[in-house]
Amino acid sequence: MRPFRPTLAVFAALCVAAALSAVTPAVPPLPVVPVVRAGLTVLPELERNAPPARADAPRERPLLLAADEALAAGLSRLAAGLYERAAAAFPADAPERRAALLGLATARLEHGDADGARAALATVAPSPERRLRAALADLLGNRFAAAGIELRGIEASALPRADAPWLHIARGLAALETGAGGAQSGEFARAAALFTADGRPRLARHAEFLGSYAAVRVGPVPDDAELTRLRSAAALETGSPSGFQYVKMLAIGLARRSLDAEAAAVLRRAGAGDAERAEANLLAGLILGAEKQSGRDALYALLAAPAAPEAHRRAALEVLAAAGGATAEGRAVAEEIHARLTRLAPTFDPAASDALNLARARVMAAAGDAPAFIERAERAAGELLERTPASPLAPDALRVLAACAWRARAFARAAGYFGQLRRRSPPEKSPRLALAAADCLFLAARGTVPDSAGATEAWTAAADAYADAAPRQDTPEARGAALFSRVTCEIAAGRGEAAMRALDGATGSFCDEAGRLRCEWAIVEWLRSPATRRTREAAARLDTLFARAPRMSAGFDIRFRWQRALVALALGDTAGAAERAARLAEFASRLPADAPEEVRSRADAIVSRALLLRARAALMSDRAAAVPILAELRRKFPNEEAAAASYVAEGRTLAAAGDAVGARRVFLEGSERYGKAQSTALAEHAAEALYEAALQDIALGKNGTAIESLSRFAEARPDHPLAAEARLTLADLFRNSDNFDDALAIYERLAATLRDSPARMRAEMGRADCLFARATRTRADAALGLATDAYERLFALPGGTADFKAEAGCKWAAALELRQTGRLAGGRPVADIVREAREARWQVVNQTLRAPGAAARLGATGRYWVARTLLELSDSYKTRGEPAEAAKVCRLALEYNASAQGRAGFALPHQAKFQRELALLTGATTPVPQPPVVPPVVPAVTAPAAPSEATRLPSEPPPEPPPVATPPTQPQPTQPTPTTPAAAIPPTTPESSATSTPPMPAPSVTLPVPVPKP
């Protein structure tokens, strides 16, 4: 059978554009969950803070909606890419994967890829929705018999509402080929009516357009005799009322014989009036195709005609908007179309200006992710909303804007567009759009700097959006997923109490049991986290949960049994932890019949992890009792992760007890045993053991051996989660041994390659410290200038924490003040240098201590640097003969400590020194403000005393510190560990008296103790 060209040109260009939208089911996947590496896993889900139900790829739900809206806006190629990513993120049996594949088939149909559509449908289970898309793919590929088979028996009532009009479109197209009388006209009319009722006027016009041409397309492909007859009739009827109809029939017949050029030539000579000329140009554009220059020229001619009917203009714009693409050739076509339409805009018919602006927006949005394309698409869509806000195309403009914002990763802006789209959409679409806006706010919050004020505001906005969206969802499963998202955001915003109230208030059938259990998991995680340290409350909540739901699914049962055992271990209940771990191992060995295959396949991993937990409990109370447990674990499960991790756990316990030699021996044994393992997970633990052995070498003073081990680790495992820490430690060793060149090379490489990571900030500080240390050795003004500039840049860096800012600012002022010695002043007046250093120190004080809410964000290290800055500021005033100003600085510190935000942990160090300084400066004998009593601080250590997040059991908190070391109300860290050796910091002034600031209390080697993250 010959190609069915004219009908399918209309079909591809007009009908499928933005078709078959809103196919995602009502039950959404889990929301985004912040991922925290927890080393070994019992089940894959336990690597995360909360156990997912189906899939946990980070952007599925908003990704599906963004794809749907891109498809509804006519951006088929963008939608296809989004659907592909979403489909890959879900397991094969997930309903979301089916929805993504159906959407992918629809998007490929829109841009004429019939084979791609069929490939997308290959793994989709049979259903009316799948059969409809398969029929459309067959029609697009000229397989009309196959399309008829697929369409047979499909009832509109069995399809989603958004799909029903396309069933009539498919039937109409099939009727056109078979020549089934006027049946096709009725099908197109029914499709138009359904589109209108569904609030999609643009698609209704497409259906009407197809119907208006149905009559002249009925019948078989003409043979030579028929074409001769049509040519004669068209020539004889020239100028008559029916002449133009014969010309159209001739053009269509020629096109059906693949004689496109002759068909276009016939149409160029046709048309007596404006309406006929417009129709001839539109038909020529459809036959030739907008991908060809000749086809676009015909459509441009139609648009430029002042009297062309509005319906024809809109149809031509639809065809042009579907042209172009993200290939090099497609981008050139898109830019040409955009330029021509932009030039046409000032003189264009105002009645169709909304269609013109939407076409400009769509063609640029489909051209690719380049900022210039996105900016033009946003500008055109914005002009539509500004100039014709009541246009029925306004929702399409919002969809384009949302798609552009998504591609630019401007998620907060995308949330705003989804909110506007929600207000313009039918009520039944409101729940899904509300959830999409909340998901986008979640992604926006995840992109903020952790612990910053902006992050808190972003997480709060996301939590509030989920609170609004959750009750609107249609099913308990959907409400449970939205509630879990809200709980996650409330916790991230620092509103854990609100998260508990939200869950406790979701009574009855508000959400499904799985959703409720996921929320419980997240809240218990928050209660146990190092930042919260409400472990006893976590234990009580878990006990209440077991009493309320003694029989839960095997997956959740294992998770919460594991959670409760970890809580017991954190509370020092080693006997209870060991007993619970033993019961967990027994349960995993005899799983119930309804346990999912996923759990059954990991039974050995669960049992081995339970053995490791028992060994950990024994190591904390009776190390001799742990030996046979560890031996059993390593004998029975040598290829499980728990066996490899047991060496790290045992070594860290020995290190915490001060046995660095024994710890090093255990670490090296684990590294050698699993260093060449084929399993990536086992090899990672072997590498981690090697890293820990290097830390013990440092503790034993074997820096040369440590450098060798760290270098080997960094080279062998460049992608290991501890690789950045290893390189930083290696750089610290080089720097503290005065090998500044090698240290600087590592710091600069890390600063350039790491993004949004605390390790990057440490690398930046290490780089500046190297520059400063070299400058103090060489006494070169240029070198000191580099260091000063580096510290100043770090102080102004927007992504730095309050502690980082305080450290950078203190060192910046010290570098500035070093020039007043005269040796490095470069001829500048000493008074100017003193003034600059004072201004820098006041900036530190104002931004980290006096600004509203700033002091609350300071940690122990930050308070150390602020106190040091204040002491140096006081010394500067005193040395220059300004005792009254120096006294004001001391009073500022003492008055702050007296209030200390109402908590002892917020007091600045050096309280006694500030008191002595003030007494010397004023001769005062009256009492000065006293801070709250602070328990003694634990001495600093150079080797890790607690397991890092890399090898801790899933979701395991750090061990509780001894009571004397940490007051219950405010955890006190160990002695601050600045990142610069004491020898590298200059004195505050050359004339410093006995009361000047003491040298910085840095250890001989500044090594970060791996601190667990919440």
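Phenylalanine 795 lies in helix H40, which spans residues 781-796, in a predicted model. Helices are DSSP runs of H or I with at least four residues, strands are runs of E with at least two, and both are numbered from the N terminus. Phenylalanine 795 has a relative accessibility of 3% and therefore counts as buried. Here, buried means under 20% relative accessible area, exposed means over 50%, and partly exposed covers the values in between, with a 1.4 Å probe and protein chains only.

Leaving aside residues up to four places away in sequence, phenylalanine 795 touches Lys805, Ala808, Gly809, Trp812, Gln843, Val844 and Gln847. A contact means heavy atoms within 4.5 Å.

Alanine 808 is buried, with a relative accessible area of 0%. Besides Phe795, alanine 808 touches Met765, Tyr791 and Leu794, again not counting residues up to four places away in sequence. The C-alpha atom of alanine 808 is separated by 10.0 Å from that of threonine 788, 20 residues apart along the chain.

The basis of the values is as follows. Residues are numbered from 1 along each chain as its sequence is written, and side-chain values use heavy atoms, with hydrogens and water left out. Because the model is predicted, local features need pLDDT of at least 70 and side-chain atom pairs count only at pLDDT 80 or more, whereas totals for chains, interfaces and linings use all residues.

For the chain as a whole, 45 helices and 0 strands are found. Of its 1014 residues, 57% count as buried. Among contacts in the chain with a separation of 6 or more, 66% are between residues 24 or more positions apart.

Two helix pairs can be set side by side. Two packed helices are described by the angle between their axes and the distance between the axes. Axes are lines fitted to C-alpha atoms, for helices over the stretch in contact, and angles run from 0 to 180 degrees between N-to-C directions.

| Helix pair | Residues | Angle | Axis distance |
|---|---|---|---|
| H6 and H7 | 128-140 and 144-151 | about 165° | 8 Å |
| H20 and H21 | 394-407 and 411-424 | about 165° | 8 Å |

The angle of about 165° between H6 and H7 makes H6 roughly antiparallel to H7. On this scale, angles under 35 degrees count as roughly parallel, over 145 as roughly antiparallel, 65 to 115 as roughly perpendicular and the rest as oblique. H6 and H7 cross in a left-handed manner; a crossing is left-handed if the near helix is turned anticlockwise from the far one by less than a right angle, and right-handed if clockwise. On the H6 side the contact is formed by Arg131, Leu132, Ala134, Ala135, Asp138 and Leu139, which meet Phe144, Ala146, Ala147, Ile149, Glu150 and Leu151 in H7. The residues of this contact of H6 with H7 comprise 9 nonpolar, no polar and 3 charged. In this classification Ala, Val, Leu, Ile, Met, Phe, Trp, Tyr, Cys and Pro count as nonpolar, Asp, Glu, Lys and Arg as charged, and the others, Gly among them, as polar.

H20 and H21 are likewise roughly antiparallel to each other, and H20 passes H21 in a left-handed crossing. Residues of H20, including Leu398, Leu401 and Trp406, meet residues of H21, including Phe411, Tyr417 and Leu421. The contact of H20 with H21 has 12 nonpolar, 1 polar and 3 charged residues.

The loop between H20 and H21 contains arginine 409. Arginine 409 has a positive phi of about 60° although it is not a glycine. Most residues other than glycine have a negative phi. Arginine 409 is exposed, with a relative accessible area of 53%. Aspartate 738, also not a glycine, has a positive phi of about 65°. The loop that holds aspartate 738 lies between helix H37 (723-736) and helix H38 (740-753). At a relative accessible area of 42%, aspartate 738 is partly exposed.

Asparagine 703 is found in helix H36 (residues 703-716) and is partly exposed, with a relative accessible area of 30%. The C-alpha atoms of asparagine 703 and leucine 730, 27 residues apart along the chain, are separated by 9.7 Å.

Finally, a search of the whole structure finds 0 disulfides, a disulfide being a pair of cysteine sulfur atoms within 2.5 Å. Cysteine 770 counts as buried at 0% relative accessibility, and cysteine 890 counts as buried at 0% relative accessibility.
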